[in-house]
Amino acid sequence: AAHSMRKPVAVGIRTAPAHIPDITFGIRSLPSAHVGDLLIHDLGTLTATARQAQPRRKEKLTFALTRTSLLRQKAPEAPPEPLWTMPRFRNAEPKISSFRTTGEKSTSFSTMQRSRSVHA
């Protein structure tokens, strides 16, 4: 039929794929050991002595610069200037107290000082 969606199939003709994939996967292995070393069961000591004979080079460790490392390199900044206040409120004392008694206030401040000395 002229309106068929099927591809015509050639009977009896096989074609090779356009690209033959490479069958090698993964990383390359080390070169194979000599049969004599395998027979005397001395391959481990031979590789250990070969590695010791090679000169070791010191690798310089470099780390990425993070915000923390940059802040450690900088000198500490001066404390900021106090905020501006109106002259008539400069000597004003707070009118709200968070503590019911002065004893609670003193125990709270002593606890705060002890925790600061432990963490400092």
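I call a residue buried under 20% relative accessible area, exposed over 50%, and partly exposed in between (1.4 Å probe, protein chains only). I am working from a predicted model, where local features need pLDDT of at least 70, side-chain atom pairs count only at pLDDT 80 or more, and totals for chains, interfaces and linings use all residues. Residues are numbered from 1 along each chain as its sequence is written, and side-chain values use heavy atoms, with hydrogens and water left out.

**Fold.** I looked up the secondary structure and found four helices and zero strands. The pattern along the sequence is α-α-α-α. Helices (H or I, at least four residues) and strands (E, at least two) are DSSP runs, numbered from the N terminus.

**Surface.** I checked burial next: 1% of the 120 residues count as buried. The protein exposes about 13,700 Å², and carbon and sulfur atoms supply 60% of that area. Areas come from the Shrake-Rupley method with a 1.4 Å probe; for residues, only the protein chains shown count as cover.

**Salt bridge.** I found one in the structure. The term means a side-chain nitrogen of Lys or Arg within 4 Å of a carboxyl oxygen of Asp or Glu. Lys74 and Glu77 make the pair, at 3.9 Å from N to O. Glu77 is exposed because its relative accessible area is 67%. Lys74 has 47%, so I logged Lys74 as partly exposed.

**Nonpolar patch.** I noted Val35, Leu39 and Ile40 on the surface, with about 340 Å² of accessible area together. Patch residues have over 30% relative accessible area and no salt bridge; like charges are joined within 9 Å, nonpolar side chains (Val, Leu, Ile, Met, Phe, Trp, Tyr) within 5 Å. Ile40 sits in the loop between α1 (35-39) and α2 (43-53). Ile40 counts as exposed because its relative accessibility is 55%.
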